[in-house]
Amino acid sequence: MTSSTTSGGLARFNALEEHAAYAALHEACASAAWAHRLLTRRPYATTDDLFAESDAATAGLTDTDLDEAMAGHPPIGRPKPGDPTSSREQRGMAGASEELKAEMLELNLAYQEKFGHVFLICATGRTGEQMRDAVRERIGNAPGQEREIVRTELGKINRIRLARLVEEDAPA
């Protein structure tokens with residue numbers, strides 16, 4: 001969702017009490033630095049402004065901040081129990097075969113052993129096979145290269161989650 005004027009959902013987000021807005025942002029991204037930066041830049045005139053600030057905040061995360069953000073994401077194929085957001089985002093794995101799920105578990109563990117963090121990908125709209133192929137491809141990356149890919153994927157995830165946050169009918 002993008003607009004040139006403040007939508008009802010964005011206006012509602014802008015009007016939230018600080019602690020409620022921070023909680024909503026922290027739910028979108030587990031980095032306290034990211035959430036704080038977006039919080040302190042309110043109010044946003046447009047969703048494009050919100051997305052631009054999110055992109056800038058994501059680009060500016062330190063390694064520690066990026067680690068904190070990644071720690072908020074469950075491994076692909078194992079969404080957080082009772083968390084509709086991770087279940088929705090990982091829908092592509094829901095109907096995967098047991099063989100594919102077992103392969104993803106092995107790949108997730110190998111990736112985590114190599115890089116020291118969860119395999120992060122914007123899973124929305126991807127099939128289980130596409131996610132498997134991505135981890136297979138990315139596990140061969142150098143750590144610095146992979147970190148930048150993770151930052152890009154986090155930015156995509158943050159935008160999707162922010163769009164849901166400021167939807168017209170979404171309760172904050």
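This short talk covers the aromatic contacts in one predicted model.

Some ground rules. Local features need pLDDT of at least 70, side-chain atom pairs count only at pLDDT 80 or more, and totals for chains, interfaces and linings use all residues. Residues are numbered from 1 along each chain as its sequence is written, and side-chain values use heavy atoms, with hydrogens and water left out.

Now the rings. The structure holds two aromatic pairs. Rings of Phe, Tyr and Trp (its six-membered ring) pair if their centres lie within 6.5 Å; planes under 30 degrees apart are stacked, over 60 edge-to-face, the rest tilted.

Take Y111 and F115. Their ring centres are 4.6 Å apart and the planes meet at 45°, so this pair is tilted. Both residues sit in helix 8, residues 98–115. They are four residues apart, about one turn of the helix. Helices here are DSSP runs (H or I, at least four residues), numbered from the N terminus.

Next, Y111 with F119. This pair is edge-to-face, with 5.1 Å centre to centre and 80° between the planes. Together, Y111, F115 and F119 make one aromatic cluster.

Buried or exposed? Y111 has 0% relative accessibility, so it counts as buried. F119, at 1%, is buried. F115, at 13%, is buried too. Buried means under 20% relative accessible area (1.4 Å probe, protein chains only).

Last, a charge. The charged end of R42 sits over the ring of F13, 5.6 Å from its centre. The test is NZ of Lys or CZ of Arg within 6 Å of the ring centre and within 35 degrees of the ring normal.

Notes: Helices (H or I, at least four residues) and strands (E, at least two) are DSSP runs, numbered from the N terminus. Buried means under 20% relative accessible area, exposed over 50%, partly exposed in between (1.4 Å probe, protein chains only).
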